[in-house]
Amino acid sequence: MTRSTAEVAIRPALRPRRAVRRGARGAPVWVVIAAGSVVIAAMLPVVYLFIRGIDGGETTWDFLTRPQSMKVIWRTVTVIFTVTLFSLIVAVPAAWLTMRTNMPFRRVLAVALALPLVVPSFVMATTLIEALGPKGSLQELLEPFGVERMPSIYGLAGATLVLVLMTYPYVYLTVRATIAGLNPELAEASRSMGYTVLGAFRRVTLPLLMPAIGSGSILAALYTLSDFGGVALMRHNTLTVSIMTNYQTSIDRTAGAAMSMMLVVFAVALLFIESTIRGRRRYDDASGNVGRTQREIRLGWWTLPALVFVLLPIIAGVVVPVAVLVEWLLRGFAKGLEGAPIVTPLWNSLQASGLAAIATVLMALPVAFVTVRYRSWFSDLFGKAAYIGFGLPGVVVALSLVFFAVNFALVAYQTLLLLVFAYAVLFLPVALGSLRSGLMQINPGLEEAAQSLGKTQLQSFVRVTLPIMMPSIFASAAMVFLLTMKELPATLILGPTGFDTLATSIWSASSEAFFTQTAASSLILVAAAGVPTAWLVLREHSRSR
């Protein structure tokens, strides 16, 4: 096959085509009702903040226009930009290298790359300070070589390091799920045209990964916007730090509500930027040959540089925190200290996280279906509204649900049902991003063909689309499960009385400086969350090879 002939053959599959604008009116009624109900639930925190903002009146606007508030807003913008940029730089090549190449130990490395997702941000920050701080473990190792003090880790640099390690797994797992479903014939055809491996990746694979990259990027940016523990310990005062300080130290919640409304504005702006860049294009494979076996790409002399590139985030995000936690545990045991009770918090964490993963994926499916298959301004509004909760701190979402539960559903207050609902509102965008990117890879002509054979829209979705989407569905459920395992503010505020999880146990122990108990609970959390992570990653390997 000549180069020109091959280009003609693959061009229809590679061209990002304009999406079919069927409009929300063409969507099944049950899908619109389900998606609308989910969006209403996701918007409850915004309604709560709006009520608080109205109560504040002119005080709200005066607070936001202060010079000090402007500085906080600028620090928030800078950390969002740097974290999102470096998360992409780490995640996209790592996903491709561990999925498509013959990199040594790639399955072990693939699992390890996802593990920073399960470490609470305050634990990640504390262990990195202990290891890399001015008087940390690394400085002690280098002291014989004349290094008396390491550079300061605090400020924007430290906050960026912590948050990149916390957020790149969002992009990494979303991109991996998409790579697992790509049609390998496209890349092979580009290689037959004479393109190098990098050329084929740039011209073929990368355009098809853009929905996943966009979804992962917006999750990384929104997580950065809402994080408290990492930026607080790194002494980088952002909007979330100011909000948490206000809620903890002030009876008047007007200032906290005003700053939380700024987070909503930031979240909407980020969503608008992402949707503008993505545009109304289709990224599905016109051939319909998704999920077929993919041939390994041999790295050759690139093996060592690629291995070093993949190992760096693993060392910083997994090895260093685990090593510090093990050191704390052994030091405590040597002094005769005991670890914290584990069985009950572990069971509570697994129970709540499992229910949250199922509930969140079920809530995200109709929203993903409407926003991808029935594109209109109305469905785009659905998609944007569903993402806003992820940009708010957990304490804001939890307080909003307390407000609505006390006033409208008192029977649900301090029940596991309300806690799982809070998790679903918080992490709905995590599930939605992966589901949307997976659905955008599937040619709608497959569903239309099933309908032409007499199947209803629901039957064609269940029997045709849903099986192809399974990698994205499992990726969504796994990410929600992992995030729920470490969620703290919502659990503290909404959890039933006496409902201790691993995250609350870690927080209680660390706040009282019980480092042995902190280490024990943290290591159990990493181990428990590592099992579904490993299953998810290895399952994707088996599907793509």
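A pocket is an open set of grid points, on a 1 Å grid over the protein atoms alone, with protein on both sides within 12 Å along at least five of seven lines. In this predicted model, the largest pocket has a volume of about 830 Å³. The lining of this pocket is made up of 37 residues, of which Ser121, Phe228, Gly229, Leu488 and Pro489 are the closest to the pocket centre. Sorted by class, the lining residues comprise 24 nonpolar, 10 polar and 3 charged.

The packing of helices was examined next. Two packed helices are described by the angle between their axes and by the distance between those axes. Helix 5, which spans residues 67-100, and helix 9, which spans residues 156-180, have axes that come within 6 Å and cross at roughly 40 degrees. Helix 5 is therefore oblique to helix 9. Their crossing is right-handed. The contact of helix 5 with helix 9 involves 21 nonpolar, 6 polar and 2 charged residues.

Helix 19, formed by residues 416-440, packs with helix 18, formed by residues 394-408. The angle between helix 18 and helix 19 is about 135 degrees, and their axes lie 10 Å apart. An angle over 145 degrees would count as roughly antiparallel, and helix 18 and helix 19 are therefore oblique to each other. Helix 18 passes helix 19 in a right-handed crossing. On the side of helix 18, the contact is made by Gly394, Val397, Leu401 and Ala405, and on the side of helix 19 by Leu418, Phe421, Ala422, Val425 and Leu426. By class, this contact of helix 18 with helix 19 has 8 nonpolar residues, 1 polar residue and no charged residues.

Helix 19 also packs with helix 2, which covers residues 29-42. Here the angle is about 95 degrees, with the axes of helix 2 and helix 19 placed 9 Å apart. Angles of 65 to 115 degrees count as roughly perpendicular, so helix 2 and helix 19 are described in that way. Val38, Ala41 and Ala42 of helix 2 meet Phe421, Val425 and Leu428 of helix 19. The contact of helix 2 with helix 19 has 6 nonpolar residues, with no polar and no charged ones.

How values were computed. Residues numbered from 1 in each chain as written. Predicted model: local features only at pLDDT ≥ 70, side-chain atom pairs only at ≥ 80, totals over all residues. Heavy atoms only, no water. Axes fitted to C-alpha atoms, helices over the stretch in contact; angles between N-to-C directions. Helix = DSSP H or I, 4+ residues; strand = E, 2+ residues; numbered from the N terminus. Parallel < 35°, antiparallel > 145°, perpendicular 65-115°, else oblique. Left-handed = near helix turned anticlockwise from the far one by under 90°. Contact = heavy atoms within 4.5 Å. Nonpolar A, V, L, I, M, F, W, Y, C, P; charged D, E, K, R; others polar. 1 Å grid on protein atoms, 1.4 Å probe; cavity = no way out; pocket = protein on both sides within 12 Å on 5 of 7 lines; lining within 4 Å. Points joined across faces, edges and corners; volume = space filled by probe spheres on them.
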